[in-house]
Amino acid sequence: DITQMKELEIKKSQFAATVTHELRSPLHGIIGLSENLLVEAKDGPMSRSLQMINNCSRRLLDLVANIMDLSTLVERKKMRLSK
């Protein structure tokens, strides 16, 4: 049934938006805190580990953004095809 398919697409979009938000928020927190700690650590023994935490969290944030961008493109394509 077309109505059920549309409802499923809406739920899928809402789920993707929720998951993206739930991943982005803590990643922004990790990035911000690790940057603050890097400033305090300067070139101390923890700076390399903190830099790794910062780099990894930025990479994860990029991946989340790329996944969301891809899903948005797929949804737009589906909408164009259904018209």
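What span should the 40 residues of H1 have at 1.5 Å a residue, and how far apart are its end C-alpha atoms? I began with this check; the expected span (1.5 Å times one less than the number of residues) is 58 Å and the end C-alpha atoms are 58 Å apart, which agrees.

Before going further I noted that this is a predicted model, in which local features need pLDDT of at least 70 and side-chain atom pairs count only at pLDDT 80 or more, while totals for chains, interfaces and linings use all residues. Residues are numbered from 1 along each chain as its sequence is written, and side-chain values use heavy atoms, with hydrogens and water left out.

**Entry: helix H1.** I took helices as DSSP runs (H or I, at least four residues), numbered from the N terminus. For burial I used relative accessible area with a 1.4 Å probe and protein chains only: buried is under 20%, exposed is over 50%, and partly exposed lies in between. Buried residues in H1 are Thr-20, Leu-27, Ile-31, Ser-34 and Leu-38. Just after H1, I found Lys-42 with a positive phi of about 50°.

**Entry: surface patch.** I looked up Leu-23, which lies in H1 (residues 2-41) and is partly exposed at 41% relative accessible area. Together with Phe-15 and Val-19, Leu-23 forms a nonpolar patch on the surface, with about 280 Å² of accessible area in total. Patch members have over 30% relative accessible area and no salt bridge, with like charges joined within 9 Å and nonpolar side chains (Val, Leu, Ile, Met, Phe, Trp, Tyr) within 5 Å; the areas come from the Shrake-Rupley method with a 1.4 Å probe, and for residues only the protein chains shown count as cover.

**Entry: helix H2.** Ser-57 sits in H2 (residues 47-82) and is buried, with a relative accessible area of 4%. Leaving aside residues up to four places away in sequence, I found Ser-57 touching Leu-27, Ile-30 and Ile-31, where contact means heavy atoms within 4.5 Å.

**Entry: salt bridges.** My search of the whole structure, for a side-chain nitrogen of Lys or Arg within 4 Å of a carboxyl oxygen of Asp or Glu, finds 2 salt bridges. One joins the side chains of Lys-12 and Glu-9 at 3.6 Å, N to O, and both residues lie in H1, 3 residues apart, about one turn of the helix. Another joins Glu-35 and Arg-58 at 2.1 Å, N to O. Glu-35 lies in H1 and Arg-58 in H2, so this pair ties together parts that are 23 residues apart in sequence.

Notes
Helices (H or I, at least four residues) and strands (E, at least two) are DSSP runs, numbered from the N terminus.
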